[in-house]
Amino acid sequence: MNAPLKIAIAGLGTVGGGVVKALTARGEALSGRAGRKLEIVAACDRDESKKSGLDARVWVNDLHAIAQSAADVVVELIGGENGAAPSLVEESLKAGKHVVTANKAMMARHGVRLAVLAEEKNLALKFEAAVAGGIPIVKSLRESLFVYGVSAIRGILNGTCNYILTQMEATGRSFEEVLKDAQRLGYAEADPTLDVGGGDTAHKLALLTGLAFGVKPDLDGMAVQGIAHITPEDISFAREFGYRIKLLGIAKITPQGLDLRVQPAMVNAGTPLADVDGVFNGIVADTKQAGPYFFEGRGAGEAPTANAVIADIVDIARGNRGPAFGVPAASLLTLTAAPAGSASSPFYLRFQVLDVPGVLAEIAGHLAKWRVSIESMIQRGRAPGEAVSIVMITHETTHAAVAGALETIAASDKVVAPPCMIPMEAK
Ligand SMILES: NC(=O)c1ccc[n+]([C@@H]2O[C@H](COP(=O)([O-])OP(=O)(O)OC[C@H]3O[C@@H](n4cnc5c(N)ncnc54)[C@H](OP(=O)(O)O)[C@@H]3O)[C@@H](O)[C@H]2O)c1
């Protein structure tokens, strides 16, 4: 057998702990796959109690010692967009070590710079676990689904949001109530902002665009909306129209540029993405005449994420060290984003209005001014003088046209709450 592959692990939390457990419990089988023994030679965490289960001799006290250890591969599992994580990765690459990471925030922000450094030194920088946990989407886009090019990616990339939306649909409870439950059950963080605000999905979508379209991941050019404004009523209306609401990361090639956004969307019931429930993730990759492909699986958790990390380690052990984003990082293009508001689809619109004569005509008039035409409409119940919901489905139009009409409509004294607009995704 070849010389052992020496591994240093920084961060022994959920993912790092899982990696150590799997390497220990399945060492022989994994070494068989790798063609060489996989040996942990250094490990570090802020919390020394996490060294139990490890050979005490491998414990080191700081990240600098990880980067300067005898390891061939440094596995970064401490997390964080800036600060210690990118510093560790940079120092490790400069010290001639391959790097495996699960850190989407760091890769979305610093991935290109780190990949350039890795490639200059002929080292691997791998990040399968950073997108959709156990689903091998990074490897699939990087090493397989490139022949005809990718025309669109649509993904449910955040298990917390998908769990919340699934529970809201199943129970009819509000976003706030379900979020509290999700926090109690450990499916949502104490500070859920990054998940429910769409930021986590944005990190993953940025990485997918790099892999799929050969462009530099760009967080700043992305429109990002979360799920906090979705109501049980929206979910129930969606069902009535034959749709389910999902938080999607969307990247589509359009004649105006790359349409890149994170937002709740109506997805046709019965299509693969609509059926992705609970904490699961799902991704559809349209690969022109070779596609589409659909992936579904666990997007987080100890075992799926450790699986992805170790698969990357095994790849390195076998000598598979191609560029992080599939093409040399220095050749990644600066993406041309489609102009804000140019995304085009039918839209679901919900208005909370006073049930008074003329309200419908007023809304229809504003929509017509923006050339937004209505395909169908529901007004549920009658409560003269009180608030009722009016829901409309538009024909295909642009986000900018709907947003323009809604701004005027929201200013009406007959409209009692900000209108809700949700695009309807065809697939
Ligand atoms: N959990 C998942 O299911 C999952 C899925 C996909 C990707 N990821 C990514 O995987 C990475 C790790 O996530 P995780 O869930 O395993 O996090 P975690 O449970 O919080 O583990 C991180 C560990 O690293 C330690 N740490 C942080 N900064 C350190 C430093 N400067 N020096 C030494 N130790 C440090 C932490 O200590 P303290 O607790 O004291 O801070 C903690 O023990 C993140 O980038 C995350 O986004 C996680």
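This is a predicted model: local features need pLDDT of at least 70, side-chain atom pairs count only at pLDDT 80 or more; totals for chains, interfaces and linings use all residues.
The peptide bond that joins Gly 291 to Pro 292 is cis, with omega at about 0 degrees. Most peptide bonds are trans, and most residues other than glycine have a negative phi.

Asn 122, with phi near 60 degrees, is placed in the loop between helix 5 and strand 5 (125-126). Ala 132, for which phi is also near 60 degrees, lies in the loop between strand 5 and helix 6 (137-143). Their surroundings are as follows. Asn 122 is exposed, because 9 other C-beta atoms lie within 10 Å and the limit for an exposed residue is 12 or fewer. Ala 132 counts as buried, because it has 33 C-beta neighbours inside 10 Å and a buried residue needs 20 or more.

The protein as a whole contains 14 helices and 17 strands. Its C-alpha atoms fill a box of roughly 80 × 45 × 35 Å along the principal axes. Buried residues account for 47% of the 427 residues. Of the contacts between residues at least 6 apart in sequence, 75% join residues at least 24 apart.

The domain assignment gives domain 1 (2-134 + 304-331), domain 2 (140-298) and domain 3 (344-425). A distance of 27 Å separates the C-alpha centres of domain 1 and domain 2. To the contact between them, domain 1 supplies 16 residues and domain 2 supplies 19 residues. On the side of domain 1 that touches domain 2, helix 5 (residues 104-120) gives the most, with seven residues. The residues on this side of domain 1 comprise ten nonpolar, four polar and two charged.

In soluble globular proteins, nonpolar side chains tend to be buried together. The largest nonpolar core here has 137 residues, of which Val 75 and Val 309 touch the most other members. Residues up to four places away in sequence aside, Val 309 is in contact with Val 15, Val 19, Val 75, Val 100, Ala 102 and Ala 129.

Ala 43, in strand 2 (residues 36-44), is buried, with 26 other C-beta atoms within 10 Å. Its contacts beyond four places in sequence include Ala 8, Ile 9, Leu 12 and Trp 59. The C-alpha atoms of Ala 43 and Ile 393, 350 residues apart along the chain, are separated by 55 Å. Asp 259, in strand 9 (residues 257-268), is likewise buried, with 20 other C-beta atoms within 10 Å. Beyond four places in sequence, Asp 259 touches Ile 250, Lys 252, Thr 254, Ala 338 and Ala 343.

Definitions and conventions: Residues are numbered from 1 along each chain as its sequence is written. Domain bounds come from an automatic or database domain assignment. Two residues are in contact if their C-beta atoms, placed from the backbone, lie within 7 Å. Helices (H or I, at least four residues) and strands (E, at least two) are DSSP runs, numbered from the N terminus. Ala, Val, Leu, Ile, Met, Phe, Trp, Tyr, Cys and Pro count as nonpolar, Asp, Glu, Lys and Arg as charged, and the others, Gly among them, as polar. A nonpolar core is a set of buried Ala, Val, Leu, Ile, Met, Phe, Trp, Tyr and Cys residues joined through C-beta atoms within 7 Å.
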